[in-house]
Amino acid sequence: MSNGILVLCEHEGGQFKKTAYELLAKAGSLAQSLGCSVSGATPRASATAPQKPYSASRNARRHGRRASTASIPLPMCARGQALVAAASRPWWSWPQPGPYANGVLPRLAARLNLGLGTECTELSVDGGSVVGRRPIYAGKAFAAVKISSSPAIFTVRPNSFPVPGAGAGSAEVVSVAVALEGSDSLARVTAREKSSSAVADLTGGRPHRLRRPLGQEQGQLRLLDPAPAAAISWRSAPSVDTGFCQPWVGQTGKVVNPSLYIAMGISGAIQHLAGMRTSRVIVAVNTDAEAPIFQHATYGIVADMFEVGPALKAEFEKALA
Amino acid sequence: MKIGVCLKQVPASDSRIKINADGSGVDLSDVKWEINPYDEFALEAGLRLLDSKAASAVIVYSVGGADADQRIKDALARGASDAVRIDDAALAGADSLGIARALAAAAKADGCDVILAGKQAIDTDNAQVPAMIAETLGWAQVLVVDQLELSDTGFKAWRDAGSGSRDIVEGALPVVISTDKGLNEPRYASLRGIMQAKRKSYPVKSLADLGLSADQAGGAGAKVKLAGFSLPPARPAGRILQGDAASTAAELVRLLRDEAKVL
């Protein structure tokens, strides 16, 4: 049976995102078990070829776009269809999640009657096909995802797979043109604005207040991927009962899957744990030695976050300098 | 505008999840049910448009058995105009696409021109249904919206674009919007609303009523199946660092760099 794996590689600023390499590496190892090939595809004309070519036959396909409209589901769906159609055999597609992929892929699945497994943290080969494993109930349980359509589409949570060093393979780059009609766009991105990102003030005296209205994102959890230029932004989310801010991680906040998660002054109530459950390393700082979070943390410090916070910030700045 | 709101009944967000003996699924016997929290933001958005008379009706759509009636009544008590429950034995084992097709058919049958839904359900966490509804109907979509302006002339929606920025997306109706936390503050039902909802009745539709076959929307046609349920692996016991602020901070960073290798 001729199958292949197609990895949709998103890029930003001329560089492929780290998750593209994660997926290509994983696809490579699974392709070896399956005895098939791996292709990477990028949905925009301006993409540069991947910086780290991997071994095994890997073709990069670049998709031209006639009109540079904002990426809205229908044009990208058309591209996605071209992507699937351009392959002469059924492909397993493994795009990474992101605001565009998450909008396009379900539509692609609906349009082509395919199965889509989202937010997988593991992928493996079972009986000649790819099977995913993913968190459900906000990470309180896991389940295997089996998809019976061909192709099958999986999206993978970032930081699920390691990124190996550059391989020695070479990639053939193929351009696939897609004709888009104006009517393909039902919605347009008319503007992009900075979301105000406030950082909790840890260096000042107490009590610290967040400078933004409640309910909005409290700054970025950026320090956590091994990106050399990572700014250290603290996302400090005291527990709800202190009244400082609403927790934004947890059941109705963002799902967090960083390599490192630092929980300052967080008790570890169930709702909060839900959001950070799959982080590789968890550090907890809390004055209460009995706080449930310490049972889930890799490293814990029983102390006042206002004392430890500034010291940690200084240490991180030194370490990442 | 006629607004359809998709509503899913889910185990309460603080539920302790148990797996049944053979790992074939989650043991739901002791679970307390609630309206999917993200759907509450969608419902509230619809209700506000109803309050301001920008919308002529807010109809709640829910796929579920009779036990979902309580959640639907809650939505009616908060002010929804009407509801449709979709129930069919063939829906057992349906995947996101099947559910989306059923909801889309129901909303279309009632002439909705806007569909609001939570960005994902907190049990399955798939985040696929809203986009699949939009594709099934051929409508525009904006997902994970935290600010919204909606009228007969069109929509303007704000969504997170990653890297610290937000997109503003605009277009004409009809549209599917999936809602994120922060869009609004959902209301509670008033006592009067609760009493009125008690007397309200609404249709329960089968797949056949919606013009769908088991292959199109039911478990028989499902492409995605979940199996092999398990609890998350237990983390090994952590380590508490001792010392004052400066020394524990230094020790932690050293461990993160040398032992955990995350720096």
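Author: Let's begin with the word "domain": the bounds of a domain come from an automatic or database domain assignment. This is a predicted model, and its chain B is divided into domain 1 (2–221) and domain 2 (237–263). The C-alpha centres of domain 1 of chain B and domain 2 of chain B lie 45 Å apart.

Reader: Okay. Why is the contact of Lys8(B) with Asp123(B) called a salt bridge?

Author: The cut-off is 4 Å between a side-chain nitrogen of Lys or Arg and a carboxyl oxygen of Asp or Glu. For Lys8(B) and Asp123(B), the closest N and O atoms are 2.9 Å apart, which is within 4 Å, so the pair counts as a salt bridge. Over all chains, the structure holds 18 salt bridges.

Reader: What makes Lys8(B) and Asp123(B) a link between distant parts of the chain?

Author: They are 115 residues apart. Lys8(B) sits in the loop between β1 (2–6) and β2 (9–11) of chain B, while Asp123(B) sits in the loop between β8 (114–118) and α4 (129–137) of chain B.

Reader: How do you know whether Asp123(B) is buried or exposed?

Author: Buried means under 20% relative accessible area. Asp123(B) has 9%, so it's buried. Lys8(B) has 29%, which lies between 20% and 50%, so Lys8(B) is partly exposed.

Reader: What about Arg85(B) and Asp69(B): what does their salt bridge tie together?

Author: Arg85(B) is in strand β7 (residues 82–86) of chain B and Asp69(B) is in helix α2 (residues 69–78) of chain B, so the pair ties together parts that are 16 residues apart in sequence. The closest N and O atoms of this salt bridge are 2.9 Å apart. At 7%, Arg85(B) falls under the 20% cut-off and therefore counts as buried. Asp69(B), with 22%, is partly exposed.

Reader: Which residues are linked in a network of salt bridges?

Author: Glu44(B), Arg48(B), Asp51(B) and Arg187(B) are. As for the general idea, side chains of opposite charge can pair when their charged atoms come close.

Notes
Residues are numbered from 1 along each chain as its sequence is written. Chains are lettered from A and ligands numbered from 1 in the order in which they are written. This is a predicted model: local features need pLDDT of at least 70, side-chain atom pairs count only at pLDDT 80 or more; totals for chains, interfaces and linings use all residues. Side-chain values use heavy atoms; hydrogens and water are left out. Helices (H or I, at least four residues) and strands (E, at least two) are DSSP runs, numbered from the N terminus. Buried means under 20% relative accessible area, exposed over 50%, partly exposed in between (1.4 Å probe, protein chains only).
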